[in-house]
Amino acid sequence: MAGCCGCCTALKPRYKRLVDNIFPVNPQDGLVKNNMDKLTFYAISSPEKLDRIGEYLAQRLSRDVHRHKMGFVFIAMDALDQLLFVCHSQSINLFVESFLKMVQKLLECDEPDLQILATSSFVKFANIEEDTPSYHRRYDFFVSKFSSMCHNSMENESQMKIRSAGLQGLQGVVRKTVSDDLQVNIWDPVHMDKIVPSLLYNMYTPEFMTVDLESPKDEEHPAYIAETVLRDLVCRASYGNIKTVLRPVLIHLDNHKLWVPNDFAAKVFKIILYSVQQQFGYVVTKMLITHLDKHTNSDRNVKYGIMDVLYQCVVISAGNSLGPSVPHVFNSLLRQLMNSLENKSQEPTQRNYERKFEECIVNTVGEFASNLPDYQKIENMMVIMRKFPACSSDDDIGSVTISLQYQMMLLKTLLMVATKYKTVTLGSAFPPEFLHPLLRMSLFDEPSMRITVQEILHTLIDRHNNSSRFRTV
């Protein structure tokens, strides 16, 4: 019988004999190194055999998984990792197909150790630069599976390991596909709607919220792996793709009611702004403003939460928050201001949030204005001026066509922009279409409004910072 087995072994193709020889009698002994070197040399010398080697290894692995011989499964994956790392021939694509089938087979198992093993191999594969283009390679299963691993809820120590593995797997998929036009388009909403919420779900932890962005972190904790993956994803996004990342972020914050309090939302957007390519920073603020418009009829505290995050984003991104649509930004914010004042709540708590919301709008307009060139600051002061009722005669001065409170807030906004303007010549600071309405406003009946108008005039006239000295007279 023994002689018959030996005869059958001799009849096997050489690549099968070489594969069989890397497996020890006892799996605890690990991969047979000398025989693995022979298999590697054979694969390099005969690259046309790579696909057969991969197929045979896949058969052995499937058989060992079915028979629960886990030691041999680990040896097979170790051999695959080594062959992938060494071989870069034209035949590598067919071998990769076998490799991905084996990774998928292990990910479909219920054993956490096998899922972690498969993810580790996939991450190693993702870090390999392939010399040949790959066609028709699909990663849909891996996006779905790694995302589901990120939501693992096992109540034992395996939970953190599986979540961490899922996050690392998502990072591997992103790195493998983001720069290859022949791969699946990872920026499609169908993929982003799985990846982004998985990252945010793991980031929303007490440990993550209590550590500053610049502080040292536990790199093994899922929250910080998720943060790293989010940074990696955002920094690779082009202009056309950044919106597909931000959309699921906003939806996640809405669905899980994370605008009140908005600490987590603010931290997430800070990470995004610090990671996004500098020239695309304005897209982030523009999408936040659009999202605020969608919440026009939402609770006051939700609107304030979004507005506060927007203000913090404008402060961080400085000049990169402007972009080409500055008038649209100003008009949107002023429209929100008027809507808030026209729909005042009688409930004290809600009214308190409304006041915070209104003040935040004024401060945000001021921050936007501080990053504008001077000629645009004057233009935007004129935009604000047009929001006042037109006064055609002296009889119309102070007429209440819009609420007194709204006019007062507009003047505060005008003053905020004026403080950011550096007057060089009075002619450029006071074009007639701006100066005449401003002077007419100085005749309003309301004393506080007249004082604010005077402050605006003094701010623009004063080129040597003398205003503060006159206030003490």
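Q: Which residues of helix α7 are called buried in this predicted model, and what makes a residue count as buried?
A: The model is a predicted one, and in it the buried residues of α7 are Pro112, Leu114, Gln115, Leu117, Ala118, Thr119, Ser121, Phe122, Phe125 and Ala126. The word buried is used because the relative accessible area is under 20%. Among the elements that cover these residues are α5 (70-86), α6 (92-107), α8 (140-150) and α9 (158-177).

Q: How do you know that the distance between the end C-alpha atoms of α7 agrees with what its 15 residues should span?
A: Helix α7 runs over residues 112-126, and at 1.5 Å a residue it should span 21 Å. Its end C-alpha atoms are 21 Å apart, so the two values agree.

Q: Why is α10 called oblique to α12?
A: Helix α10 (residues 189-203) and helix α12 (residues 222-236) pack with their axes 7 Å apart and at an angle of about 140°. That makes α10 oblique to α12, because an angle has to be over 145 degrees to count as roughly antiparallel, and 65 to 115 degrees to count as roughly perpendicular.

Q: What makes the contact of α10 with α12, by class, and which residues take part?
A: On the side of α10 the contact is made by Met192, Ile195, Val196, Leu199, Asn202 and Met203, and on the side of α12 by Pro222, Ala223, Ala226, Glu227, Val229, Leu230 and Leu233. By class, this contact has 11 nonpolar, one polar and one charged residues.

Q: Why are α18 and α20 called roughly parallel to each other?
A: The axes of helix α18 (residues 348-370) and helix α20 (residues 404-419) cross at roughly 30° and come within 8 Å. Angles under 35 degrees count as roughly parallel, and α18 and α20 are therefore described in that way. The crossing in which α18 passes α20 is right-handed.

Q: Which residues make the contact between α18 and α20?
A: From α18 come Arg351, Glu358, Glu359, Val362, Asn363, Val365, Gly366 and Ala369, while α20 brings Gln405, Met409, Lys412, Thr413, Met416 and Val417. By class, the contact of α18 with α20 has six nonpolar, four polar and four charged residues.

Q: How do you know whether Arg351 is buried or exposed?
A: Arg351, which lies in helix α18, has a relative accessible area of 8%. Since buried means under 20%, Arg351 is buried. Leaving aside its neighbours within four places in sequence, Arg351 is in contact with Leu341, Lys344, Ser345, Glu358 and Gln405.

Methods
Residues are numbered from 1 along each chain as its sequence is written. This is a predicted model: local features need pLDDT of at least 70, side-chain atom pairs count only at pLDDT 80 or more; totals for chains, interfaces and linings use all residues. Side-chain values use heavy atoms; hydrogens and water are left out. Axes are lines fitted to C-alpha atoms, for helices over the stretch in contact, and angles run from 0 to 180 degrees between N-to-C directions. Helices (H or I, at least four residues) and strands (E, at least two) are DSSP runs, numbered from the N terminus. Contact means heavy atoms within 4.5 Å. Ala, Val, Leu, Ile, Met, Phe, Trp, Tyr, Cys and Pro count as nonpolar, Asp, Glu, Lys and Arg as charged, and the others, Gly among them, as polar. A crossing is left-handed if the near helix is turned anticlockwise from the far one by less than a right angle, and right-handed if clockwise. The expected span of a helix is 1.5 Å times one less than its number of residues. Buried means under 20% relative accessible area, exposed over 50%, partly exposed in between (1.4 Å probe, protein chains only).
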